[in-house]
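Okay, thanks for coming, everyone. Let me put the structure up, and then I'll talk you through it.

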Amino acid sequence: MSKSKKMPSITHSVFNFKCPRCREGDLFVAKSSFNYKELTKMPKNCPVCDQVFLPEPGFYYGAMFISYIICGFWFLGFVGICIFGFDLSVNTSFVLLALMVAVLFGWIFRISRSIWIHVNVKYDPSISKKA
Ligand SMILES: [Zn+2]
């Protein structure tokens, strides 16, 4: 009797940019969020379960709202901690914020798309077991 594979959690799937249906195939062509040349490149279908990654035109407009929510709270918290926690000036705090965003925008872009497609596509464990 072969040991059954452990079901991958949704958090693991979201943060590792995996397909929401099988949680195995990669959502993006380039593995790294810091590969700015191929940052936005996604395969048309999941290489494992054939789930379509662009179900309809403009599907990822919804991801912009996820991105807005993440950025809004994160940036407010970051600047708040800089100003009130570390006693930095407003200008210094915003320069630090700009630097942080310049480095992390690829990751924010990808996590927003990943969350959005995970909200809209259900996990199907039967596919995962077949593969
Ligand atoms: Zn898949």
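So, let's start with A63, which touches S112, R113 and W116, leaving out residues up to four places away in sequence. By "touch" I mean contact: two residues whose C-beta atoms, placed from the backbone, lie within 7 Å. Before I go on, two bits of housekeeping. This is a predicted model, where local features need pLDDT of at least 70, side-chain atom pairs count only at pLDDT 80 or more, and totals for chains, interfaces and linings use all residues. Residues are numbered from 1 along each chain as its sequence is written.

Back to A63, which is found in helix α2. Helices here are DSSP runs of H or I with at least four residues, strands are runs of E with at least two, and both are numbered from the N terminus. A63 and R113 are 50 residues apart in sequence, yet 5.1 Å apart in space, C-alpha to C-alpha.

Helix α2 covers residues 61-85, so that's 25 residues by the DSSP definition. From first C-alpha to last, α2 reaches 35 Å, close to the 36 Å expected at 1.5 Å a residue. That expected span is 1.5 Å times one less than the number of residues.

Just after α2 comes D87, with a positive phi of about 60°, although D87 is not a glycine. D87 is found in the loop between α2 and α3, and it counts as exposed because it has 8 C-beta neighbours inside 10 Å.

Next up is helix α3, residues 90-120. How far apart are the end C-alpha atoms of α3? Only 39 Å, for 31 residues, which is short of the 45 Å a straight helix would reach at 1.5 Å a residue. And α3 bends by about 60° at L104; the bend at a residue is the angle between axes fitted to the seven residues ending there and the seven starting there.

Which residues of α3 are buried? They are R110, S112, R113, S114, W116, I117 and H118. These buried residues pack against α1 (10-15) and α2.

Two of those names come back in the core. The largest nonpolar core has 9 residues: F17, C19, C22, L27, F28, C46, Y60, W116 and I117. A nonpolar core here is a set of buried Ala, Val, Leu, Ile, Met, Phe, Trp, Tyr and Cys residues joined through C-beta atoms within 7 Å.

Take F17 from that list. F17 is found in the loop between α1 and α2 and counts as buried because it has 20 C-beta neighbours inside 10 Å. F17 also has a positive phi, about 55°, although it is not a glycine. Then there's C46: leaving aside neighbours within four places in sequence, C46 is in contact with C19, R21, C22, G25, Q51 and F53.

R21 turns up again with Y123, which touches P20, R21 and R23, not counting residues up to four places away in sequence. Y123 sits in the loop between α3 and α4 (125-130). The C-alpha atoms of Y123 and C19 are 104 residues apart along the chain but separated by 8.9 Å. Y123 counts as partly exposed because it has 17 C-beta neighbours inside 10 Å.

Okay, zooming out. The chain has 4 helices and 0 strands. Buried residues make up 16% of its 131 residues. Among contacts with a separation of 6 or more, 60% are between residues 24 or more positions apart. The C-alpha trace spans about 60 × 35 × 25 Å along its principal axes. Finally, the radius of gyration is 18 Å, while a compact globule of 131 residues would be near 14 Å. That radius is taken over C-alpha atoms, and the globule rule is 2.2 Å times the number of residues to the power 0.38.

Technical notes:
A residue is buried if 20 or more other C-beta atoms lie within 10 Å of its own, exposed if 12 or fewer, and partly exposed in between; C-beta atoms are placed from the backbone.
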